[in-house]
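Hi everyone, thanks for coming. Please have a look at the structure on the screen, and then I'll walk you through it.

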Amino acid sequence: EAANEDTLITGDMIREYIDRYYVLLRDVLSSPDPKVWDAYEYQSQQLISVCSIQKIDLFRTYLASKMDSDPTCPYYVKKTFLNFLNIKDVPTVNDEETAEEIMDLVCPDLKKHSEEVWRALVNSLKWRGGDTLKETLEQVKKTPKEKRHLRGRESCLFIETDEGVHYVG
């Protein structure tokens, strides 16, 4: 989807977006009020959802430079966000197949009963990156079926296995 629409989002548009919303983003990241985050998240998803990996890299780089040069940005927010943006395990097309396999193993009936929820979980999980997903898949396969499950609520879900807990989204 992003590959088809990626030409609509230029590098200048990404820079303009960050310039316009940077102060709001900085304040959202340091706000204790979840309603503030919800309002911003919806706006940001409109742009990010149609960006390719290359455009997200531009987004990450430009935002990091703004945060790094902003003396009003709280240190903890800056360091946490910059570390979060320092993604080395970039997702690939094959990661979607691995994410689907994981979700089929963890929630075998979910696709049949609620394909939209299953697809949302796959879409969130696939962004963990290839190495992370391979490790998760190995641990899911090692865990007996009756012990594999999701834990959490809403947008903070985890897969529990015998060997650990894996973030879904």
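**A sheet, a helix and a core**

Let's start with the open sheet: it has three strands in the order 1-2-3, with antiparallel pairing; two strands pair if DSSP finds at least two bridges between them. Helices (H or I, at least four residues) and strands (E, at least two) are DSSP runs, numbered from the N terminus. Before we go on, this is a predicted model: local features need pLDDT of at least 70, side-chain atom pairs count only at pLDDT 80 or more, and totals for chains, interfaces and linings use all residues. Residues are numbered from 1 along each chain as its sequence is written, and side-chain values use heavy atoms, with hydrogens and water left out.

Which strands stand at the edges? Strand 1 (149-153) and strand 3 do; each has a single partner strand, so one side of each is left without a neighbour in the sheet. Strand 1 and strand 2 run antiparallel and are joined by five bridges. Leu150, for example, has Ile159 in strand 2 as its bridge partner.

Now helix 9, which packs on the sheet and touches strand 2 and strand 3. Its direction makes about 50 degrees with that of strand 2; axes are lines fitted to C-alpha atoms, for helices over the stretch in contact, and angles run from 0 to 180 degrees between N-to-C directions. Buried residues of helix 9 include Leu133, Thr136 and Val140, where buried means under 20% relative accessible area, exposed over 50%, and partly exposed in between (1.4 Å probe, protein chains only).

Next, the largest nonpolar core, with 15 residues. Such a core is a set of buried Ala, Val, Leu, Ile, Met, Phe, Trp, Tyr and Cys residues joined through side-chain atoms within 4.5 Å. Helix 6 (93-106), helix 8 (115-125), helix 9 (130-142) and strand 2 (156-161) each give two or more residues to this core. Ile159 is among the residues with the most contacts inside it. Beyond its neighbours within four places in sequence, Ile159 is in contact (heavy atoms within 4.5 Å) with residues including Ile102, Leu125, Val140 and Gly164.

Let's finish with Gly164, in strand 3 (residues 164-167). What does Gly164 contact, leaving aside its neighbours within four places in sequence? The answer is Gln139 and Ile159. Gly164 and Val140 are 24 residues apart along the chain, and their C-alpha atoms are separated by 9.5 Å.
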